[in-house]
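Open the model in your viewer and get ready to select residues by number. This tour goes stop by stop.

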Amino acid sequence: MRDLFDAATWNAIAATENTTGGAMVIRSSDKRHNDSLTFTQLMEKRHSVREFADESVSASEITKAVDIAMRTPSVCNRQPTRVHIITNPQLIRHAMPLQGGFRGYPMPPALVLITADNQAFMNQDERNEGYTDGGLFGMSLLLALEEQGLAACPLNTMLPMKRDEATRKLLGVPDSEFLVMYIAVGHFRDEVMTCKSQRFAADSIVTVHA
């Protein structure tokens, strides 16, 4: 890291009073009462975590969160989202390099692959609807996992064709389903560091058409 910037830049970094960047500590003890938080509190407290406790996660634990996420809206209530829960360590070890965005971290105890079934759609005009419905479901699932006291990190599935095909073969994903996103899942460590993620103010992205 030191080699990336000159001395003057490092001095400026050290002297800044800006608090929008840096790191923060996530504690498992702060997650014990997540199921009693308001929606606003749950949104404010949820952060992506890539380092998990050395403890297995069962499919049934994740399924509880999936049940909650089933309230997610979808086009005409067609519910195209499909959920593949992976708890086999060997499958996870093979899937993560294909995903490509989890380098440098221990393998997660569990992995969720969200897909969308194209058979739910009627014509080419709806070709992107599965990504919309699957993305909505993914956010619902992230919040449900947080409410259940499970740590999680969304991971993209924007894979080149060969890695897409290898993922399908590895996990037995049908041709009718396309990949929407992964979610790495585990139990919270006692303490773990994660990056602060500053968000834009609503006014900076809103255009009002009155």
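Buried here means a relative accessible area under 20%. By that cut-off Glu146 is buried, because its relative accessible area is 2%. Keep in mind that this is a predicted model.

**Stop 1: Glu146 and Lys31.** Select both. Lys31 forms a salt bridge with Glu146, and their closest N and O atoms are 2.7 Å apart. The two come from distant parts of the chain, 115 residues apart. Lys31 sits in the loop between β1 (23–27) and α2 (39–45), Glu146 in helix α5 (residues 129–147). Lys31 is buried too, at 9% relative accessible area.

**Stop 2: Phe188.** Go to the loop between β5 (177–187) and β6 (191–195), where Phe188 is found. Phe188 is buried, with a relative accessible area of 9%. Beyond its neighbours within four places in sequence, Phe188 contacts residues including Lys31, Glu146, Val49 and Leu150. Now pick out Val49: its C-alpha is 8.2 Å from that of Phe188, though 139 residues separate them in sequence.

**Stop 3: Arg78 and Glu126.** Here is another salt bridge, with the closest N and O atoms 2.8 Å apart. Arg78 lies in the loop between α3 (59–69) and β2 (81–86), and Glu126 in the loop between β3 (110–117) and α5, so the pair ties together parts 48 residues apart in sequence. Arg78 is partly exposed at 22%, while Glu126 is buried at 18%.

**Stop 4: Arg168 and Asp164.** Select helix α6 (residues 161–171), which holds both, four residues apart, about one turn of the helix. Arg168 is buried at 15%, and Asp164 at 14%.

How many salt bridges are there in the whole structure? A search finds six.

How values were computed: Residues are numbered from 1 along each chain as its sequence is written. This is a predicted model: local features need pLDDT of at least 70, side-chain atom pairs count only at pLDDT 80 or more; totals for chains, interfaces and linings use all residues. Side-chain values use heavy atoms; hydrogens and water are left out. Buried means under 20% relative accessible area, exposed over 50%, partly exposed in between (1.4 Å probe, protein chains only). Contact means heavy atoms within 4.5 Å. A salt bridge is a side-chain nitrogen of Lys or Arg within 4 Å of a carboxyl oxygen of Asp or Glu.
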